[in-house]
Amino acid sequence: MTIVPPGSTIGIVGGGQLGRMLALAAAQLGYKCHIYAPEEAPPAAEVAAYFTRGDYDDEAALRRFGAEVDVATFEFENIAAGPLAALAGEAPLYPPCQALEIAQDRLNEKRFIQGHNGRPVAFAAVDGETALAAALKEIGTPAILKTRRFGYDGKGQVRIRSVKEAAKAWKEVKGAPCVVEAMVEFDAEFSILLCRSPEGEVAVWDSPRNVHRSGILDRSTVPADKALQPAIGKAEALARRVADSLDYVGVLTLEFFAVGEEALFNEMAPRVHNSGHWTIEGSLTSQFENHIRAICGLPLGAVGLAAPRVEMRNLIGDEVTGWREILADRTAHLHLYGKREARPGRKMGHVTRLLGLSGG
Ligand code: AMP
């Protein structure tokens, strides 16, 4: 791969907090970022050199955007294949489009993982109320109905306690193609975060244990408990197989449920991830910096822990108003995303604490 040297312009499709933190990491390395997003004033544009406002399905605009950047990446997953190809025709685009296309559809994603000897949660594809009732009889209840596409942070998901609730659940997803999953009684949730370089070098961060609230990540802690290590080992091997088979470049995230020593696959994200925000202060190189290094063909940075323990907590909705109390703890690293409106369920910022350091 040709090296994209510092001073070049990196295009980022998507303007949220992930784009913002990517742009900050890129700036540290001397790059300029150009953000492409449909919002008027997205969080990433505030900290980037250039901003183009455009829709994700505007092929012509994405082609022009591609012509203005030296390399491109994305922080937003729901971009259709056509517009993405238009962009990729103008600038090198990483991670590969194939990874994005797989991750955009929960059914494809699960089958892909099975094809790599991974174990997803028991599931069935459903495209109607009758199919849903039949699937529920097979996989049992409680269960979760999830739309195949366009879901995130628990959106597009309906919990089903008994077969009697099938009709109501089907109405809620408005006839969208879905998968239904068994509700897992997991011991813990964790994710695998890795970064792969164009030469195939892979750096894997310590796996965080993740706790969700109402389908949204609440906090991540590293290192995860010892009891989780066998499951983490298997999950990491799977993530490496996936990254190698896609000839992946950049940060890849896979989320899992730990059940005893087993790792049940939940979902994958072909991008930097909320459960990796702790790496900004908690690792020798953050997920954002290594993603930039990988897509620009620079050597990856070391990913060891910068403290014995690291904890990241999300600030969701109104929680952001507590920023004064957070700063009263002088060891807390506060990150605010510059979003004007603190709507319920909206990720407004996060706080990271390095624990177990002398002087902490
Ligand atoms: P998802 O967007 O699919 O990652 O779901 C968000 C969160 O909802 C997960 O991280 C879990 O905490 C919970 N969840 C989703 N699917 C399941 C499942 N099949 N069993 C148990 N909990 C689940």
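Trainee: How do the residues of the shell around the ligand divide into nonpolar, polar and charged?

Mentor: They divide into seven nonpolar, four polar and six charged, where Asp, Glu, Lys and Arg count as charged, Ala, Val, Leu, Ile, Met, Phe, Trp, Tyr, Cys and Pro as nonpolar, and the others, Gly among them, as polar. Please keep in mind that this is a predicted model, in which local features need pLDDT of at least 70 and side-chain atom pairs count only at pLDDT 80 or more, while totals for chains, interfaces and linings use all residues. Residues are numbered from 1 along each chain as its sequence is written, and side-chain values use heavy atoms, with hydrogens and water left out.

Trainee: Okay, and which residues come nearest to the ligand?

Mentor: Of the 17 residues around the ligand, those are Lys146, Glu181, Glu189, Asn266 and Glu267, a residue being near if one of its heavy atoms lies within 4 Å.

Trainee: How far is a polar side-chain atom of Glu189 from an oxygen atom of the ligand?

Mentor: The distance is 2.6 Å, and for Gln157 the corresponding polar side-chain atom lies 3.0 Å from a ligand oxygen; a polar contact is a pair of N or O atoms within 3.5 Å.

Trainee: Switching to the sheet, in what order do the four strands come?

Mentor: The order is S5-S8-S6-S7, in an open sheet with antiparallel pairing, where strands are DSSP runs of E with at least two residues and two strands pair if DSSP finds at least two bridges between them.

Trainee: Why is one side of S5 and of S7 left without a neighbour?

Mentor: Strand S5 (123-126) and S7 stand at the edges and each has a single partner strand, so one side of each has no neighbour in the sheet.

Methods. A polar contact is a pair of N or O atoms within 3.5 Å; within protein, one must be able to donate a hydrogen and the other to accept it, and residues adjacent in sequence count only if both atoms are side-chain atoms.
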